[in-house]
Amino acid sequence: MNPCYFSSSSKVWDSIEWVFGIGDAGYQGWEIVADGNYRLDNPAHVKRIDEVLQSTNLKVSVHAPYGDLNLATLNYPIWRESVRQVCTCIRQASVWTDRVTIHPGYLSPVGKMMPDRAWEQQKTALREIGQCAVEHGVLACLENMIGIKEFLCRRPEELSGMIDGIEGTGMTIDIGHAHTVGAVRDFLPYLKVASHLHVHDNHGESDEHLAVSEGTIPWNVVGPCIARDYRGIIVVEGRSLEEGKKSIAVVSGWFL
């Protein structure tokens with residue numbers, strides 16, 4: 001069975017004690033969402049995370065910050081800061097892991113008028129981020145996004161094309177996100193080349209982050225494909241550890 005990690009973006013402002021329950025819930029690792037109390041540009045946060053990791057057997061992957069950042073913006077100061085924050089996260093994350101997931105940017109009102117330039121801004125950002133990742137022994141994994149038309153990389157061919165030829169980058173496939181654009185089955189052939197994987201459920205309308213099997217994703221199709229074609233960490237993204245326990249019970253069944 002692939003290693004399974006747990007992640008919860010809903011807990012970024014919670015006290016870190018909840019992390020001690022990840023192992024008890026059946027997971028081998030924790031995907032740190034580097035925001036709120038877990039931003040890796042804050043030495044106090046890094047120290048607290050380090051102390052917890054040293055007192056557990058948890059392995060680590062990291063999700064870079066994304067709130068209010070835009071790697072595709074044509075507003076240069078905002079673009080520059082977005083790249084800086086992702087690279088800062090990668091440098092610190094490299095102490096713990098070789099996998100960092102990053103979000104693509106989105107089309108701002110100006111970007112909508114010049115989508116080709118926004119695409120190139122995203123590619124330029126990835127070249128710089130990828131170089132930072134190479135220097136620190138990390139793969140920066142670009143993630144497919146939810147069904148909001150302004151987001152880049154909602155479709156598998158767009159995600160694959162965005163990272164094509166850029167050293168230090170890989171692909172995070174998010175099955176829940178794919179369901180919000182009706183593209184779950186389209187992403188399945190890409191599992192063979194994915195570098196990282198997020199699983200959670202929804203009803204196809206919004207990014208609900210339900211426990212696996214509590215939405216409408218056809219896991220009877222998806223699960224066997226993951227077990228057969230994907231070799232890497234499976235990150236369950238959940239709202240609570242109780243829901244995380246439900247999810248890992250389902251995920252484990254794919255490998256029987």
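Predicted model: local features only at pLDDT ≥ 70, side-chain atom pairs only at ≥ 80, totals over all residues.
Local features need pLDDT of at least 70 and side-chain atom pairs count only at pLDDT 80 or more, while totals for chains, interfaces and linings use all residues. Residues are numbered from 1 along each chain as its sequence is written, and side-chain values use heavy atoms, with hydrogens and water left out.

Helix α3 covers residues 76-93; helices (H or I, at least four residues) and strands (E, at least two) are DSSP runs, numbered from the N terminus. Its 18 residues should span 26 Å at 1.5 Å a residue, and the end C-alpha atoms are 26 Å apart, so the two agree. The expected span is 1.5 Å times one less than the number of residues. Among the buried residues of α3 are W79, V83, V86, I90 and A93; buried means under 20% relative accessible area, with a 1.4 Å probe and protein chains only. Their cover includes the helices α2 (43-54) and α5 (115-135) and the strands β3 (59-63), β4 (99-102) and β5 (139-143).

The largest nonpolar core has 77 residues, and W30 and V199 have the most contacts inside it. Such a core is a set of buried Ala, Val, Leu, Ile, Met, Phe, Trp, Tyr and Cys residues joined through side-chain atoms within 4.5 Å. Helix α3 gives the largest share of this core, seven residues. Leaving out residues up to four places away in sequence, V199 touches residues including I175, V212, W219 and W254; contact means heavy atoms within 4.5 Å.

There are two cavities of 30 Å³ or more. A cavity is a set of points on a 1 Å grid over the protein atoms alone where a 1.4 Å probe fits but cannot get out, and lining residues have an atom within 4 Å of a point. The largest holds about 60 Å³, and Q85, T88 and C89 are among the residues that line it.

H45 lies in helix α2 and is buried, at 12% relative accessibility. Beyond its neighbours within four places in sequence, H45 is in contact with G36, N37, Y38 and R39. L188 sits in the loop between α8 (184-187) and β7 (196-199). L188 is also buried, with a relative accessible area of 8%, and its contacts outside four places in sequence are V221, V222 and C225.

How values were computed. Buried < 20%, exposed > 50% of the residue type's maximum accessible area, 1.4 Å probe, protein only. 1 Å grid on protein atoms, 1.4 Å probe; cavity = no way out; pocket = protein on both sides within 12 Å on 5 of 7 lines; lining within 4 Å. Points joined across faces, edges and corners; volume = space filled by probe spheres on them.
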